[in-house]
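Biologist: I am new to this structure. Please show me how to read its features, one at a time.

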Amino acid sequence: MNRPASDVAEWLRAQDRMEMLRFITCGSVDDGKSTLIGRLLYDSRQIFDDQLASLEADSRKVGTQGDAIDFALLVDGLSAEREQGITIDVAYRYFASSRRRFIVADTPGHEQYTRNMVTGASTADLAVLVVDARKGVLTQTRRHSFLAHLLGIRRLVLAVTKMDLVDYDQAAFDAICADYRLFADSIGIADWVAIPVSGLNGDNVMAPSQATPWYGGPSLLDHLDTVALGAADDAAKPLRLPVQWVSRPDQNFRGFAGQIASGRIGPGTEVRILPSGRRSRIERVVTLDGDLDEAVAGQSVTVTLADAVDCSRGDVIAAAENPPEAADQFEVTIVWMGEDDLLPGRGYWLKLGTQTVTATVQQPKYEINVNSLEHLAAPTLALNAIGVAEVATDRDIVFESYSVPASNPNRALGGFILIDKLTNATVAAGMIHFALRRALNIHRQHLDVDRDTHARIKGQKPAVLWFTGLSGAGKSTIANLVEKKLVALGKHTFLLDGDNLRHGLNRDLGFTDADRIENIRRVGEVARLMADAGLIVLTAFISPFRAEREMARKMIPEGEFIEIFVDTPLAEAERRDSKGLYAKARAGELANFTGIDSPYEPPEQPEVHIETARMSPEEAADAVIEALMPRLR
């Protein structure tokens, strides 16, 4: 019998009013995470008939339970997962009880896929940490506990699975709880509940089991239904509304859209726009269903302001009397998720809420051993490493400490990700501890004699000519000729040569990737200062990485950075080898040599491309001058 439309509408409204709990399952590999979630979905009647038929067929074909249903197949959807019987990717599933709606993220247990676990945990309210009753607390159990706590999950369930395989032995359960308690206490996990379960048989999943008469606590679903959520805590915090989009449907409306991260907002609310600090007042709170008298944390709204203040994507609308901070240098914890190691000094995109800036990470202060919690010296961070480091951004960002308050971490303005600029891959997740004092105490000094004045006195336009190419390509030779020609034309110049700077300013740097990055950063800063003085600056450096050349370009005003690729085949550069460096590198006497055991990334779209196999140094210098002159007029 079909339900009346009114009944369906009421049921949908009831579903909307129900609380939503997001949680993850995590733990070591093959501890039964997918089976437990599959059983939860099956017993809560969240599977359609066609899904059930497919599950039964797949269980017979690739399952691990003989003729019985293999519940893990409900969430292990990738063919590689089914073939190996493991979870690789994060599997999200939706289900509901009579009290709450749930989104569960089943995360992988292999250390190789720890970054996928971090992805699932980043939005979760609770973690179900699954432990095999036969194996007890393992390294990955501790790792996932540490990460869950680090990422702001304050409520955990220790689900001791496969109790049927230890004959529901209470002593085995108690020993695991005692072992985990020692670790939880050491890292500050206070709110956790242990439940003995069998995903295969359903013991203590939906209801208390007769097989564990010695256990008097809740079933897993009972606990998920009743555990306290942090939504009310977010609403009680000061207002924070990161602006995601400026809405201009017509000339009469200008609204600022975003999701309220914390606090409440309504017409008349006094606000401050950050990082500018301008004050205003909320005029309207607009939604598709009409204006609201009040909106709270978690709601997505569009607000209008009483004043025509500058406000754009990335800004934060905050409580006027209790705004967050803005700074450009921080101490942070980083979870490294990239296949390639962290390169200290390299520029990455840092995304914090709706803000995106360029950030550089310094050499880590230390790496954290998740087993012993020992602080280890670390020149860099490799895949799955967790470390503490300092980060600098190219401009102020609005932030709050991730762990304040400790009971309800601030993810919206305290947690960030790092993105590789070349590949657009997310390489790290991070949590801000605090702004460095020097970031708050150092301010730019206004100078009355500016770069335009310096340039006007010299009668020229400043520029940075950035010569790049392999060792032996002829960069210094051509740059020297170009400078002589510019001086003959009456131009004011200065040549920064790689070897010369390594005798002074950069004498403390070697030739590792990290040192090369720092070498180019310093050169870029010096070139910028000289260009500010009105000079035409020539730099002759291998500068092997595109990311660092792009970093140097960003330091210089648009149109003033001219990249000159001195393109010489490796064989020709080796033949010239006046310093004997290639021969030493080939013999293994010189490590990290560009073109031999360290890569060179040629420019993709240089302003000037010089092929030295087809022209002499004099001809190359003339080609540079010819390309340069229109820019200097």
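Modeller: Start with pairing. Two strands pair if DSSP finds at least two bridges between them. Keep in mind that this is a predicted model. Now take a case: five bridges join strand 24 (residues 463-468) to strand 27 (residues 561-567). Across that pair, Trp-466 stands opposite Glu-563 in strand 27.

Biologist: Do strand 24 and strand 27 run parallel or antiparallel?

Modeller: They run parallel. They belong to an open sheet of five strands, ordered 25-26-24-27-28, with parallel pairing. Strand 25 (493-497) and strand 28 (608-611) are the edge strands, each pairing on one side only. From one strand to the next, the twist averages 15 degrees.

Biologist: Which strands does helix 13 lie across?

Modeller: Helix 13 (residues 475-488) lies across strand 24, strand 25, strand 26 (536-540), strand 27 and strand 28. It runs at about 170 degrees to strand 25. Helix 19 (residues 617-632) packs on the sheet too, touching strand 24, strand 26, strand 27 and strand 28. The direction of helix 19 makes about 175 degrees with that of strand 28.

Biologist: What is the strand order in the open sheet of seven strands?

Modeller: The order is 7-15-11-12-14-9-8, and the pairing is antiparallel. Its edge strands are strand 7 (240-242) and strand 8 (245-247), and each pairs on one side only. Neighbouring strands here are turned by 40 degrees against each other on average, direction ignored. Look at one edge. Three bridges join strand 8 to strand 9 (residues 255-259), and the two run antiparallel. Val-246 has Phe-256 of strand 9 as its bridge partner.

Biologist: Which strands pair with strand 3?

Modeller: Strand 1 (residues 19-27) pairs with strand 3 in the parallel sense, over seven bridges. There, Phe-23 stands opposite Val-104. Strand 2 (residues 91-96) runs antiparallel to strand 3, joined by six bridges. Phe-95 stands opposite Phe-102 in that pair. Strand 2 and strand 3 form a hairpin, with three residues between them.

Biologist: Let us turn to a helix. What span should helix 7 have?

Modeller: Count 1.5 Å a residue, and the 18 residues of helix 7 (residues 170-187) should span 26 Å. Its end C-alpha atoms are 26 Å apart, which agrees.

Biologist: Which residues of helix 7 are buried?

Modeller: They are Ala-172, Phe-173, Ile-176, Cys-177, Tyr-180, Phe-183, Ala-184 and Ile-187. These residues cover an arc of only 135 degrees around the axis, so they sit on the same side of helix 7. On the other side, Ala-171, Leu-182 and Asp-185 are exposed.

Biologist: What covers the buried residues of helix 7?

Modeller: The cover includes strand 4 (126-132), helix 6 (139-150), strand 5 (155-161) and strand 6 (192-196).

Biologist: And the ends: which residue caps the N-terminal end of helix 7?

Modeller: Asp-169 does, with a side-chain oxygen 3.3 Å from the backbone nitrogen of Ala-171. Just after helix 7, Gly-188 takes a positive phi of about 90 degrees.

Notes. Residues numbered from 1 in each chain as written. Predicted model: local features only at pLDDT ≥ 70, side-chain atom pairs only at ≥ 80, totals over all residues. Heavy atoms only, no water. Helix = DSSP H or I, 4+ residues; strand = E, 2+ residues; numbered from the N terminus. Axes fitted to C-alpha atoms, helices over the stretch in contact; angles between N-to-C directions. Expected span 1.5 Å × (residues − 1). Buried < 20%, exposed > 50% of the residue type's maximum accessible area, 1.4 Å probe, protein only. Arc of directions from axis to C-beta. Contact = heavy atoms within 4.5 Å. Polar contact = N/O pair within 3.5 Å; in protein donor to acceptor, adjacent residues only side chain to side chain.
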